[in-house]
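Subject: A structure for you to look at

Hello,

Here is the structure I promised to pass on. Please open it beside this email and follow along as you read.

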Amino acid sequence: MQISLTVNDTSHTLEVTDNCLLVDVIREQLRLTGTHVGCDTSQCGACTVHLDGRAVKACTVLAAQADGCAVTTIEGIGSVDALHPMQQAFRECHALQCGFCTPGMIMSAIDLVSHGDVSSKQAVREGLEGNICRCTGYHNIVNAVLQAAGTMEKA
């Protein structure tokens, strides 16, 4: 089947199979490898992207479900010269170690700040519950989200 979607502000028309996942389109067809595949079962959150402005786990979204939608991946939120406030906060707060979970964690955190509760450390921990980090213990991730939330609200 043929689908059309906009990824990071670029329109694409692609041929996909009926059971093709959004994460496979992003990584294999579009070669945007910042979106990671961790578990393939929606448990880890490494594949989180924004679909029409909301965080989704791309390993559980069929490519056909994204037909006509706007997708934003980690590559679409900032650049080396102009980091997104969440990326900058992760950097400043040392909120990553191995980096495998970081793209999905950042995409979820942006959605959390935009649509969720960031009123306390506990609220941030609960808001990021669907994203697993095996390295950091989350302390610095929570601090980064709270720091970025202040910056993003000002923007």
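A polar contact is a pair of N or O atoms within 3.5 Å; within protein, one of them must be able to donate a hydrogen and the other to accept it, and residues adjacent in sequence count only if both atoms are side-chain atoms. With that in hand, look at H50: a polar atom of its side chain lies 2.7 Å from the backbone oxygen of M107.

A word on the source. This is a predicted model, in which local features need pLDDT of at least 70 and side-chain atom pairs count only at pLDDT 80 or more, while totals for chains, interfaces and linings use all residues. Residues are numbered from 1 along each chain as its sequence is written, and side-chain values use heavy atoms, with hydrogens and water left out.

H50 belongs to strand 3 (residues 48-51). Helices (H or I, at least four residues) and strands (E, at least two) are DSSP runs, numbered from the N terminus. H50 has a relative accessible area of 8%, so it is buried (buried means under 20%, exposed over 50%, partly exposed in between, with a 1.4 Å probe and protein chains only).

Now find helix 3, which covers residues 102-115. Of its 14 residues, 12 are buried, and M107 is among them, as are I106 and S108. From first C-alpha to last, helix 3 reaches 20 Å, close to the 20 Å expected (1.5 Å times one less than its number of residues).

How many disulfides are there? The count is zero, where a disulfide is a pair of cysteine sulfur atoms within 2.5 Å. For C39, the nearest cysteine sulfur is that of C44, 3.7 Å away. C135 is in no disulfide either, and the sulfur of C98 is its nearest, at 3.7 Å.

A cavity is a set of points on a 1 Å grid over the protein atoms alone where a 1.4 Å probe fits but cannot get out; a pocket is an open set with protein on both sides within 12 Å along at least five of seven lines, and lining residues have an atom within 4 Å of a point. Volume is the space filled by probe spheres set on the points, which are joined across faces, edges and corners.

- The largest cavity has a volume of about 50 Å³, and its lining includes C39, C44 and H36.
- The largest pocket holds about 150 Å³; C98, C135 and C44 are among the residues lining it.

Happy exploring!
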